[in-house]
Amino acid sequence: MLDSHVDPLSSVVTLLKPAVSVSKMVEAGGQWLVERHDMVSPFYCAMVEGRCRLHVTGRDPVTLRAGDFVLIPHLQGFTMSSEVPPPPHVPRLPLETGPGQFRLGPTETPADVRALVGHCRFETPARSLIASLLPEMIHVANQNRLTALVPMIHEETRADRPGRGMILERLLEVLLIEALRSDQATTLPPGLLRGLSDPQLSGALQRIHAEPGSPLSVSELAKAAGMSRSGFFERFRRQVGRAPLQYAIEWRMALAKTLLRQGGLTISEIAVMVGYGSASAFGLAFVRHEGLSPGAFANKDNS
């Protein structure tokens, strides 16, 4: 039976299992620049005051203003600077002024930029697949709900209170959902959000996420969407970036990898939960997709 409470976006964010690794308040004044390369982590920034330039590797530079929020699910490198960057070879190391507080630029210059910056990590073993379903970068302005969440995350990282880990995980989940659903569908690349914005495809995506253990066919999904099989197939592939059953298999494998990591279930039980009639059928599919058996994956992950 279809679980009407299963929302694809929520299920993806929950499966990501986000956790804070760094959260800091950055103040800057004068000419300044910070540069990071060869890093792999989700990144977010909420501008509190002022303006600056953000240049993410592989993308055009953007100007960030007070009230802007940026989320990059898979950041590899970036440069952040004053609107007029400093000359080359000027010292660029940030000065730590307190717990979780940093200063950029000449200290004798008054600060005119303030931003809350954070890096997190996705603890799911399927993070590369799920990150590929999300936009490369989200940049929104004047989203009060988002800019209210970031200070809460920053405050919680600074405190050592009971339940801190769970609170941070839930705040990050809400932050990701708010950021992802705030983007404009017309500007989205092919992926989960673009598919969910399509009324004829959103029901099919919900069914794939709600019924990972049920048999699925393109014909059934197309019928539920009120479309011909061929029309549905092409529309799904164009909007989501994957063929329908390819998406369903990848989602099942993402769930399977998470269940194998968690432990407590047999491979036969996991096979049924993700839509395979036997452990051997599941094992063959898992090897084709991951290059190793479910047992080997579980042992490697827990070693």
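**Close-up 1. The largest pocket of this predicted model holds about 300 Å³ of space.** This is a predicted model, so local features need pLDDT of at least 70 and side-chain atom pairs count only at pLDDT 80 or more, while totals for chains, interfaces and linings use all residues. Residues are numbered from 1 along each chain as its sequence is written, and side-chain values use heavy atoms, with hydrogens and water left out. Of the 18 residues lining this pocket, look for Lys24, Val34, Phe78, Pro94 and Leu104, the closest to its centre. Strand 1, strand 2 (33-36), strand 7 (78-81), strand 9 (101-104) and strand 10 each give two or more residues to the lining. By type, the lining splits into 13 nonpolar, 1 polar and 4 charged residues. (Ala, Val, Leu, Ile, Met, Phe, Trp, Tyr, Cys and Pro count as nonpolar, Asp, Glu, Lys and Arg as charged, and the others, Gly among them, as polar.) A pocket here is an open set of points on a 1 Å grid over the protein atoms alone, with protein on both sides within 12 Å along at least five of seven lines; a cavity is a set of points where a 1.4 Å probe fits but cannot get out, and lining residues have an atom within 4 Å of a point. Grid points are joined across faces, edges and corners, and a volume is the space filled by probe spheres set on the points.

**Close-up 2. The second largest pocket comes to about 260 Å³.** Its lining counts 13 residues, and Ile72, His74, Leu75, Gln76 and Glu136 sit closest to the centre. Strand 6 and helix 2 (127-132) each put in two or more residues, with strand 6 giving the largest share, 3 residues.

**Close-up 3. Seven strands make an open sheet in the order 8-9-1-10-3-6-11, with mixed pairing.** At the edges are strand 8 (95-98) and strand 11 (138-141), each pairing on one side only. Strands pair if DSSP finds at least two bridges between them; helices (H or I, at least four residues) and strands (E, at least two) are DSSP runs, numbered from the N terminus. Strand 3 (residues 41-49) and strand 6 (residues 68-75) run antiparallel, joined by 5 bridges. Ser41 faces Leu75 of strand 6 as its opposite number. Helix 4 (residues 164-182) packs on the sheet and touches strand 1 (18-28), strand 3, strand 6, strand 10 (113-122) and strand 11, its direction making about 75° with that of strand 1. (Contact means heavy atoms within 4.5 Å.)

**Close-up 4. Helix 9 (residues 244-262) packs against helix 11 (residues 279-290) at an angle of about 100°, axes 11 Å apart.** Helix 9 and helix 11 are therefore roughly perpendicular, a label for angles of 65 to 115 degrees (under 35 is roughly parallel, over 145 roughly antiparallel, the rest oblique). Axes are lines fitted to C-alpha atoms, for helices over the stretch in contact, and angles run from 0 to 180 degrees between N-to-C directions. Helix 9 brings Ile249, Glu250, Met253, Ala256, Lys257 and Leu260 to the contact, and helix 11 brings Phe282, Ala285, Phe286, His289 and Glu290. That gives 7 nonpolar, 1 polar and 3 charged residues.

**Close-up 5. The whole structure has 1 cavity of 30 Å³ or more.** Helix 9 gives the most, with 4 residues. This lining is 6 nonpolar, no polar and 1 charged.
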